[in-house]
Amino acid sequence: MRMVVATALVAVSASAFALAQSGARATAGQPSRLGIGRAATADEIKKLDIDVMPDGRGLPPGRGSVGDGATLYAQKCASCHGKNGEGATFDRLVATDSGKNFDFAINAKLPRAVGNYWPYATTLYDYTYRAMPFTQPGTLTPDETYALVAYILALNKIVPADAVMDQASLPKVKMPARDRFVPDNRRGGKVVK
Ligand code: HEC
(Lines give C-alpha, C1' and ligand atoms only; values in the text may rest on other atoms or scores of the structure.)
Protein backbone atom coordinates (compact mmCIF):
# COMPACT_ATOMS: atom_id res chain seq x y z
CA MET A 1 0.00 0.00 0.00
CA ARG A 2 2.75 2.40 0.97
CA MET A 3 4.53 1.71 -2.31
CA VAL A 4 1.46 2.53 -4.34
CA VAL A 5 1.01 5.86 -2.56
CA ALA A 6 4.66 6.73 -3.04
CA THR A 7 4.46 5.98 -6.75
CA ALA A 8 1.39 8.14 -7.14
CA LEU A 9 3.08 11.03 -5.36
CA VAL A 10 6.10 10.78 -7.62
CA ALA A 11 3.83 10.86 -10.65
CA VAL A 12 2.05 13.97 -9.38
CA SER A 13 5.19 15.84 -8.49
CA ALA A 14 6.71 14.94 -11.84
CA SER A 15 3.83 16.59 -13.68
CA ALA A 16 3.85 19.55 -11.26
CA PHE A 17 7.56 19.90 -11.99
CA ALA A 18 6.95 19.81 -15.72
CA LEU A 19 4.30 22.50 -15.31
CA ALA A 20 6.58 24.67 -13.18
CA GLN A 21 9.32 24.34 -15.78
CA SER A 22 7.03 25.61 -18.47
CA GLY A 23 5.81 28.68 -16.60
CA ALA A 24 3.10 27.22 -14.34
CA ARG A 25 0.23 28.34 -16.55
CA ALA A 26 -2.03 26.31 -18.76
CA THR A 27 -1.10 27.86 -22.07
CA ALA A 28 -1.06 26.57 -25.62
CA GLY A 29 0.67 23.24 -25.77
CA GLN A 30 -0.31 22.35 -22.21
CA PRO A 31 -2.83 19.63 -21.46
CA SER A 32 -6.23 21.14 -20.66
CA ARG A 33 -6.52 18.72 -17.74
CA LEU A 34 -3.78 17.33 -15.56
CA GLY A 35 -5.55 14.08 -14.84
CA ILE A 36 -5.49 14.68 -11.07
CA GLY A 37 -8.59 13.91 -9.05
CA ARG A 38 -11.94 12.68 -10.33
CA ALA A 39 -15.49 13.94 -10.72
CA ALA A 40 -17.40 14.03 -7.41
CA THR A 41 -20.14 11.41 -7.16
CA ALA A 42 -23.77 12.40 -6.70
CA ASP A 43 -23.62 10.97 -3.19
CA GLU A 44 -20.58 13.06 -2.26
CA ILE A 45 -22.26 16.22 -3.57
CA LYS A 46 -25.44 15.38 -1.65
CA LYS A 47 -23.50 15.22 1.65
CA LEU A 48 -22.17 18.75 1.10
CA ASP A 49 -25.41 20.17 -0.28
CA ILE A 50 -26.91 21.19 3.06
CA ASP A 51 -27.78 24.85 2.62
CA VAL A 52 -31.25 25.89 3.76
CA MET A 53 -32.87 28.95 2.21
CA PRO A 54 -34.96 31.51 4.17
CA ASP A 55 -38.19 30.08 2.68
CA GLY A 56 -37.25 26.58 3.85
CA ARG A 57 -35.96 25.17 0.57
CA GLY A 58 -33.25 22.64 1.39
CA LEU A 59 -34.71 21.54 4.73
CA PRO A 60 -34.40 17.75 5.02
CA PRO A 61 -37.14 15.39 6.25
CA GLY A 62 -37.15 14.94 10.03
CA ARG A 63 -38.74 16.40 13.13
CA GLY A 64 -37.93 17.37 16.68
CA SER A 65 -39.75 18.67 19.75
CA VAL A 66 -38.88 21.35 22.29
CA GLY A 67 -38.63 18.62 24.97
CA ASP A 68 -36.09 16.56 22.99
CA GLY A 69 -34.20 19.76 22.24
CA ALA A 70 -33.92 20.60 25.95
CA THR A 71 -32.16 17.30 26.64
CA LEU A 72 -29.80 17.65 23.68
CA TYR A 73 -29.08 21.27 24.51
CA ALA A 74 -28.02 20.40 28.07
CA GLN A 75 -25.67 17.73 26.71
CA LYS A 76 -24.19 19.46 23.68
CA CYS A 77 -24.61 23.23 23.89
CA ALA A 78 -25.07 24.54 27.43
CA SER A 79 -21.36 24.38 28.29
CA CYS A 80 -20.63 27.18 25.82
CA HIS A 81 -23.97 29.00 25.48
CA GLY A 82 -25.23 28.90 29.08
CA LYS A 83 -27.84 26.72 30.78
CA ASN A 84 -30.74 28.75 29.38
CA GLY A 85 -29.07 30.28 26.34
CA GLU A 86 -28.03 33.35 28.30
CA GLY A 87 -24.44 33.00 27.06
CA ALA A 88 -21.36 31.66 28.81
CA THR A 89 -17.93 31.32 27.21
CA PHE A 90 -19.64 32.05 23.91
CA ASP A 91 -22.60 33.85 22.37
CA ARG A 92 -25.93 34.20 24.05
CA LEU A 93 -28.76 32.58 22.07
CA VAL A 94 -31.63 34.25 23.89
CA ALA A 95 -32.63 37.92 23.84
CA THR A 96 -35.97 39.62 23.46
CA ASP A 97 -35.17 43.32 23.79
CA SER A 98 -34.37 45.12 20.53
CA GLY A 99 -34.71 48.65 21.89
CA LYS A 100 -37.50 51.08 21.14
CA ASN A 101 -36.83 51.06 17.43
CA PHE A 102 -34.43 48.21 16.68
CA ASP A 103 -31.66 50.33 18.18
CA PHE A 104 -28.66 48.11 17.41
CA ALA A 105 -26.95 50.79 15.33
CA ILE A 106 -27.05 53.37 18.12
CA ASN A 107 -26.76 51.17 21.19
CA ALA A 108 -23.69 48.95 21.16
CA LYS A 109 -24.73 47.40 24.49
CA LEU A 110 -27.87 45.88 23.06
CA PRO A 111 -27.06 42.20 22.54
CA ARG A 112 -27.78 40.70 19.12
CA ALA A 113 -29.09 37.17 19.36
CA VAL A 114 -31.39 34.72 17.63
CA GLY A 115 -34.49 36.02 19.39
CA ASN A 116 -34.16 39.74 18.78
CA TYR A 117 -32.05 39.96 15.63
CA TRP A 118 -32.32 36.95 13.30
CA PRO A 119 -34.95 37.47 10.58
CA TYR A 120 -35.47 33.79 9.62
CA ALA A 121 -35.98 30.71 11.79
CA THR A 122 -34.72 28.53 8.93
CA THR A 123 -31.25 30.11 9.27
CA LEU A 124 -31.07 28.66 12.75
CA TYR A 125 -31.44 25.19 11.24
CA ASP A 126 -28.85 25.86 8.52
CA TYR A 127 -26.30 27.29 10.96
CA THR A 128 -26.72 24.73 13.71
CA TYR A 129 -26.60 21.75 11.34
CA ARG A 130 -23.56 23.08 9.51
CA ALA A 131 -21.49 24.59 12.33
CA MET A 132 -22.46 23.36 15.81
CA PRO A 133 -21.39 22.04 18.25
CA PHE A 134 -18.38 24.23 17.57
CA THR A 135 -15.85 21.46 18.20
CA GLN A 136 -17.82 18.74 16.36
CA PRO A 137 -19.65 20.31 13.41
CA GLY A 138 -21.50 17.90 11.14
CA THR A 139 -22.33 15.42 13.90
CA LEU A 140 -25.99 16.38 14.47
CA THR A 141 -28.76 14.45 12.70
CA PRO A 142 -31.68 16.34 11.10
CA ASP A 143 -34.01 15.16 13.94
CA GLU A 144 -31.59 16.46 16.57
CA THR A 145 -31.21 19.75 14.72
CA TYR A 146 -34.98 20.27 14.46
CA ALA A 147 -35.27 19.56 18.20
CA LEU A 148 -32.48 22.00 19.11
CA VAL A 149 -33.99 24.67 16.88
CA ALA A 150 -37.40 24.12 18.49
CA TYR A 151 -35.84 24.46 21.95
CA ILE A 152 -33.90 27.64 21.14
CA LEU A 153 -37.02 29.20 19.60
CA ALA A 154 -38.99 28.24 22.74
CA LEU A 155 -36.30 29.74 25.00
CA ASN A 156 -36.82 32.96 23.04
CA LYS A 157 -40.61 32.64 23.50
CA ILE A 158 -41.15 32.51 19.76
CA VAL A 159 -42.80 29.05 19.74
CA PRO A 160 -44.76 27.34 22.55
CA ALA A 161 -43.22 24.69 24.84
CA ASP A 162 -45.04 21.88 23.01
CA ALA A 163 -43.93 22.91 19.52
CA VAL A 164 -42.56 20.40 17.01
CA MET A 165 -40.36 21.62 14.19
CA ASP A 166 -40.13 19.98 10.77
CA GLN A 167 -39.92 20.80 7.05
CA ALA A 168 -43.42 22.32 7.09
CA SER A 169 -43.61 24.08 10.47
CA LEU A 170 -40.17 25.71 10.66
CA PRO A 171 -40.53 28.01 7.60
CA LYS A 172 -43.87 29.22 9.02
CA VAL A 173 -42.28 30.57 12.21
CA LYS A 174 -42.21 34.35 12.01
CA MET A 175 -39.21 35.83 13.77
CA PRO A 176 -39.69 39.10 15.72
CA ALA A 177 -37.02 40.81 13.58
CA ARG A 178 -38.44 39.57 10.28
CA ASP A 179 -39.71 42.93 9.03
CA ARG A 180 -36.56 44.76 10.06
CA PHE A 181 -34.64 43.48 7.05
CA VAL A 182 -35.42 44.37 3.45
CA PRO A 183 -33.68 43.42 0.21
CA ASP A 184 -31.14 46.08 -0.76
CA ASN A 185 -32.37 46.81 -4.25
CA ARG A 186 -31.25 50.44 -4.37
CA ARG A 187 -29.84 51.54 -7.69
CA GLY A 188 -27.59 54.35 -6.49
CA GLY A 189 -28.52 57.97 -5.86
CA LYS A 190 -29.98 59.34 -2.66
CA VAL A 191 -32.35 56.54 -1.86
CA VAL A 192 -32.52 55.84 1.85
CA LYS A 193 -34.21 52.71 3.12
C1 HEC B 1 -17.26 24.52 22.36
C2 HEC B 1 -18.19 25.63 22.47
C3 HEC B 1 -19.51 25.52 21.74
C4 HEC B 1 -20.45 24.53 21.82
C5 HEC B 1 -20.41 23.24 22.63
C6 HEC B 1 -21.57 24.97 21.01
N7 HEC B 1 -21.31 26.19 20.46
FE8 HEC B 1 -22.58 27.33 19.35
N9 HEC B 1 -21.16 28.75 19.13
C10 HEC B 1 -19.86 28.65 19.62
C11 HEC B 1 -19.08 29.74 19.07
C12 HEC B 1 -17.59 29.99 19.32
C13 HEC B 1 -19.96 30.49 18.25
C14 HEC B 1 -19.60 31.73 17.42
C15 HEC B 1 -19.00 31.21 16.15
C16 HEC B 1 -18.69 32.30 15.16
O17 HEC B 1 -19.12 33.45 15.33
O18 HEC B 1 -18.01 31.97 14.16
C19 HEC B 1 -21.25 29.86 18.34
C20 HEC B 1 -22.38 30.35 17.72
C21 HEC B 1 -23.62 29.74 17.78
C22 HEC B 1 -24.85 30.29 17.24
C23 HEC B 1 -24.97 31.64 16.54
C24 HEC B 1 -25.16 32.73 17.57
C25 HEC B 1 -25.33 34.11 16.95
O26 HEC B 1 -26.30 34.82 17.28
O27 HEC B 1 -24.50 34.51 16.12
C28 HEC B 1 -25.83 29.39 17.45
C29 HEC B 1 -27.29 29.51 17.06
C30 HEC B 1 -25.22 28.25 18.14
N31 HEC B 1 -23.89 28.51 18.33
C32 HEC B 1 -25.92 27.12 18.52
C33 HEC B 1 -25.32 26.03 19.17
C34 HEC B 1 -26.01 24.81 19.46
C35 HEC B 1 -27.45 24.52 19.13
C36 HEC B 1 -25.11 24.00 20.09
C37 HEC B 1 -25.31 22.57 20.58
C38 HEC B 1 -25.62 21.60 19.55
C39 HEC B 1 -23.86 24.72 20.20
N40 HEC B 1 -24.02 25.96 19.61
C41 HEC B 1 -22.72 24.24 20.83
C42 HEC B 1 -19.38 27.71 20.50
C43 HEC B 1 -20.04 26.55 20.86
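Q: Which residues of helix 7 are buried?

A: This is a predicted model, in which local features need pLDDT of at least 70 and side-chain atom pairs count only at pLDDT 80 or more, while totals for chains, interfaces and linings use all residues. Residues are numbered from 1 along each chain as its sequence is written. Helices (H or I, at least four residues) and strands (E, at least two) are DSSP runs, numbered from the N terminus. A residue is buried if 20 or more other C-beta atoms lie within 10 Å of its own, exposed if 12 or fewer, and partly exposed in between, with C-beta atoms placed from the backbone. In helix 7 the buried residues are T145, Y146, A147, L148, V149, A150, Y151, I152, L153, A154 and L155. Because 11 of its 14 residues are buried, helix 7 is largely enclosed by the rest of the structure.

Q: Against which elements do the buried residues of helix 7 pack?

A: Two residues are in contact if their C-beta atoms, placed from the backbone, lie within 7 Å. The partners of the buried residues of helix 7 are strand 1 (63–65), helix 3, helix 5 (114–117), helix 6 and strand 2 (164–166).

Q: At what angle do helix 3 and helix 7 pack?

A: Axes are lines fitted to C-alpha atoms, for helices over the stretch in contact, and angles run from 0 to 180 degrees between N-to-C directions. Helix 3 (residues 66–76) meets helix 7 (residues 142–155) at about 95 degrees, and their axes are 7 Å apart. Helix 3 is therefore roughly perpendicular to helix 7, the term for angles of 65 to 115 degrees. Helix 3 contributes V66, D68, G69, A70, L72 and Y73 to the contact, and helix 7 contributes E144, A147, L148, A150, Y151 and A154. By class, these residues are nine nonpolar, one polar and two charged. Here Ala, Val, Leu, Ile, Met, Phe, Trp, Tyr, Cys and Pro count as nonpolar, Asp, Glu, Lys and Arg as charged, and the others, Gly among them, as polar.

Q: Which residues come nearest to the ligand?

A: A residue is near a molecule if its C-beta atom, placed from the backbone, lies within 6 Å of it. Of the 18 residues around the ligand, the nearest are C77, C80, M132, P133 and F134. Helix 4 (78–81) and helix 6 (121–131) are the elements that give two or more residues to this shell. The shell consists of 12 nonpolar, four polar and two charged residues.

Q: Which peptide bond is cis, and where does P133 lie?

A: Most residues other than glycine have a negative phi, and most peptide bonds are trans. The bond from M132 to P133 is cis, with omega near -10 degrees. P133 belongs to the loop between helix 6 and helix 7.

Q: What phi does F102 have, and what phi does K157 have?

A: F102, which is not a glycine, has a positive phi of about 55 degrees. F102 is in the loop between helix 4 and helix 5 and counts as partly exposed, with 17 C-beta neighbours inside 10 Å. K157 has a positive phi near 60 degrees and lies in the loop between helix 7 and strand 2. With 12 C-beta neighbours inside 10 Å, K157 counts as exposed.

Q: How far apart are R92 and A113 in sequence and in space?

A: R92 and A113 are separated by 21 residues in sequence and by 6.4 Å in space, C-alpha to C-alpha. Leaving aside neighbours within four places in sequence, R92 is in contact with G82, G85, E86, G87, P111 and A113.

Definitions and conventions. Parallel < 35°, antiparallel > 145°, perpendicular 65-115°, else oblique.
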